[in-house]
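Please look through the notes below with the model open beside them.

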Amino acid sequence: MRHWLLTSFVTLFVSFCNPMTANQCVQQGPRSALRPHHFPLSNHLITMPPKGKAATKPKATETPATTTSNPTTTNTTRQTASQPSEPTTVLERSQQRYEKTRPFEAARQQKGLSKLFKEDQKGWICDQLLHLTNRLPAASRSSLLGPKASKEIWWTVNGTNSIVRGLKHKPEPYTTWGTDRNGHDVGSYTIERFDERFRKRIALTALQVSSRVFRENVEREKRGFVDARSGREIIVTEREIDEEKVRRSKMAVLKKDLYGAITGRLAESVEWEDVVPIPHEEPEGALAAITYPAEYAEAMSYLRAVMTTKEYSPRCLRLTEHIIAMNPAHYTVWLYRAANIFALGISIPDEIEWLNEVALANLKNYQIWHHRHLLVEHYYPTISSDPEALAQFAKQERDFLIAILSEDTKNYHVWSYRSWLVGKLGMWEDEEELKSIEKMIDEDVRNNSAWSHRFVLVFSNPKYATPGKAATEKDEKVPQELVDREVKYAQSKAFLAPQNQSPWNYMRGVLVKGGQPLASVQGFGEEFVNKLGEGEEEEEVKSTHALDLLAEIYAEKKDNEKADLCLRRLAEKWDKIRGGYWEWRRKCLTQSETEKAPGEQVEEAEEGSAAV
Amino acid sequence: MENDNKAAHEKPEQEWPYLDVHRHLRYWKMCIRAPLPQVYLSNESNRLALAYFIVNSVTLLTPPPSERTPETPEPLISREDKRAMIKWVLHHQHPTGGFCGTSSLVFPLHSYDTYNSDTKTLNEPDHAGLANITSTLFALQLLALLADEEDEAAGENVFEGVNRVGTLRFLKSLQREDGSFGEALSDLPGHGRFIAGGYDMRYCYIATAIRWILRGDVKEGSPGWVEDFDTEALARYILNSQTYDRGFAGNSQDEAHAGYAYCAIAALTLLDRPLTSTSSTSSSSSSSSSVPHKSPLLHSSIRDLPGLIHWLASRPFVYLEPPPPSAADQDPDTYIYQEDDLDDPNFLLPPTPADLLCLLSQTAEKKGHDKTHVAFNGRTNKVADTCYFWWVGGALANLGTLDSLVDREAARRFLLEKMQHRIGGFGKSPGSPPDLYHSFFGLAILGLMGDEREGGKVRGFDAGLAVPRETVGVIERARRRLIESEKGGEGVVVDGGKEFDAVEMGLELRGGEERPKWLGACGY
């Protein structure tokens, strides 16, 4: 009867698991006994003692499983000669344990169910059932199989000295223990190394528990909770905070050690603990990857997180500062900083003061000046109705600009900001502005940036400049005395260094703006040229720019012959590297001036120069 | 290092200077294979720009398939590499169009969170500032540069996945009222939607290049049509940016600058450039610095065109070898100038032209030849810099005057003898170590001028679009292909956008046309 029940159950179960094997099992079962070199495992089971913990579990008594804490399982002396060699890695150790505790399953995996002895097949099925039912709540275990079947299983179990508590799953590399921070399988660790790691994990868990208590207390303090036992409000003491700081740095070290987790200033900081950083992911095929410090990677991962939630807060402001210190050219970070400044209502003068330091440390940076531009745009409406405040602000800005330009006299971004600022704050009539420019030109007469700023300052003044006039256009409204003054100024500087093109360009620009013929400075130009075309020895040219201007003046007066002489001497001797250009100008002289499209002129000049 | 230098000197006079293609390739190989050093951290937000310098340079140095022989070494970037790189570039695309400059600011999953299914729009300010105009152009140029040259049909599909309509709309949204362009959109509390970025001629140029690459000739009302930005306003803005000294600046209130002059001139040229250029079909054409077309806008509307040419022609100057500060034991060829020295040697300005001539003849006597070095600066009285050879040369090439106005031999001699570095690449100034930016622009100007001596070693370069001429052809075919696929309903592939909403949004962005049948077959 017992046999019948079990056999029918076995068949049922096997067919449930795998119909194919069920058939084979039934058919081949008897044959397996014919193989004399195989012995049923059931006869010489290697058993393991049950773990004390399991044995003391109170619920274990509810099931028949406890009855198997029987003499056979404690019989450790039954270790046989087939004992495998001492394990070197955790994986090996666990695999050995698995094989020991699940001998039938191990044998099946090795040989296949059909090749097992019938007794072993039975043993295997009982083993499977045991592990299946062990996962169920105690109450439903017997209801699944019924009391009779249960009894039969236990009968078999006892008979085969099966082990009730075995490892559920076969240990596999990588999946069972996961990987360490270097991507290595923890299972491949030696036992000692694994134990070390295990101790660290316990230490980390302990720290995390303490840290959680601390954080809960911080939260309780914030909400003004009262401790039920002492009746006092919860207060987090300085000492506790210090302890927590120590704890965090210990945790960071452990986390990095165990998992290679991003750690750094932010990950350790109490302030950032509610933010989950978004690490950088990059697809394959990436170009131009840059080696950057771990700190930068960490900061960017927090930036991504706060940008995603669109957070504007003091800590975000500090985060932008942190990133800017490492990469001051990150335009997105600057824009995000500006958004934070405006959202939080941060004082603009304070921000500008901070920015001054950054600007001085990063002279070639472009984003800093765009940020400053935004700040001033934002600040201006608050002071525009107060002339005193406006003048004060203009002075502060100028003082800083003078300071930074003394470090880098031709910095394009600074000059660009300065010319914009003059318009924004209406600094046209500010004598100091013109004076400071004059001073810069006195210091370096070749500083073309300063010349350029002077032109804007003088000729874009809305007091008399016609709005919308282009820089190269004549403006009738510009006062004559201003034109004269500027022409004289340029001339005085051209004498200092005749070959410096800046004042020549300036003077020509002033004449065009004032609508005056270039011929009005013919005498000045001729002071730099002597005996042109009167022989190599006699000819004297102090400035090629004078000769260039004279060529234009003579052409303006229709004296093409003289103009051509100037250009020819430039090409032949005085400015040979621009030979092609001067030849092109000569060619233009003979053509009907501006009637022709310059493109065509150029083309013909090309042919001309080819002939030359 | 010593030996290299000696070897260079032992070369027969006529063979030096030459472009050491292998050395340059070795430099670029290093830039591809290994991460860039930390000095590039400041470019972390513009990695697409760095990628553009790298791929463009490698393309310039790699002969096109038609010119390859069995001896030609394998291309530095293989076809498989190219496919992976294309995916990487597309990864930077913003869901509503445009590209962002670094993968560290790509938020693919969150991008769809704010999609409002009622209004069928994205709540853009949430993501404003991430896509920017500069990276968008670099991304498009990179895609074209990465096209498979051995399989033209595959190469034509290189824009597959580009959100053309969205990108063109993004572009239009960056134009300011005065016609100029900003860099990115930003949401500033208290200021609302805001076009960030300075008044910078670069953005104006980039806008015209993106427009030329993507817009095509789709008729109004047809699928794929997008309202153009205000080209007249842009042209007006550019033309108003000529300065008193007849150069160009970011705006007329700033100092004239060769980089901005190039941008202004190239932008005007691109505004009326025909959609298919003749030069691209004849890729074998060896003519140097040929202009794609003679832009009527450029040649008829610049206020003072002869003046502009005068300003550009003033940029080259005679480079004088400075004496090393201390001692005769310093070899002038190996001495590396300090930053403080640069102002003098780089722009030595003798008081009078006679002094200069005297100095030159002295130097010629010492050297035994009168071969001068001609350097370029970017502003009046500024120092020499490799990239300004390109900016000035590129500007002149767009005007069709490069060949006639520049002493090419002397300029080339300066570039190859003074700026070329032993480890490959070009530096910013004489003796300085190479960097991606200057190494690329050094090659670009050589490509633009046509490398006469080393015939065919550097590909011909397009002065307007800043890519090799073959790549211009790729752009033209890829653009046509992209527009056709939009018409044919093949759809824009949104990478990873498998969600239903993403599909709906994609349809909306494409102009609300009919649902393609295949969508139904896929279960949408």
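1. Over all chains of this predicted model, a search of the whole structure gives 45 aromatic pairs. One aromatic pair is A:Tyr581 with A:Trp584, whose centres are 5.8 Å apart and whose planes make 40 degrees, a tilted arrangement. The pair is called tilted because 40 degrees falls between the limits of 30 and 60 degrees.

2. Where do A:Tyr581 and A:Trp584 lie in chain A? Both belong to helix H26 (residues 579-590), three residues apart, so about one helical turn separates them. A:Tyr581 has 2% relative accessibility and counts as buried. A:Trp584 is buried too, at a relative accessible area of 4%.

3. In chain B, the ring centres of B:Tyr205 and B:Tyr262 are 5.6 Å apart, and the planes stand at 65 degrees, so this pair is edge-to-face.

4. Which rings have a charged end of arginine over them? One is the ring of B:Tyr199, where the charged end of B:Arg176 sits 4.1 Å from the centre. Another is the ring of A:Tyr366, with the charged end of B:Arg202 over it, 5.3 Å from the centre. In this second case the arginine is in chain B and the tyrosine in chain A.

Note on methods:
Residues numbered from 1 in each chain as written. Chains lettered and ligands numbered in written order. Predicted model: local features only at pLDDT ≥ 70, side-chain atom pairs only at ≥ 80, totals over all residues. Heavy atoms only, no water. Phe/Tyr/Trp six-rings, centres within 6.5 Å; stacked < 30°, edge-to-face > 60°. Helix = DSSP H or I, 4+ residues; strand = E, 2+ residues; numbered from the N terminus. Buried < 20%, exposed > 50% of the residue type's maximum accessible area, 1.4 Å probe, protein only. Lys NZ or Arg CZ within 6 Å of the ring centre and 35° of its normal.
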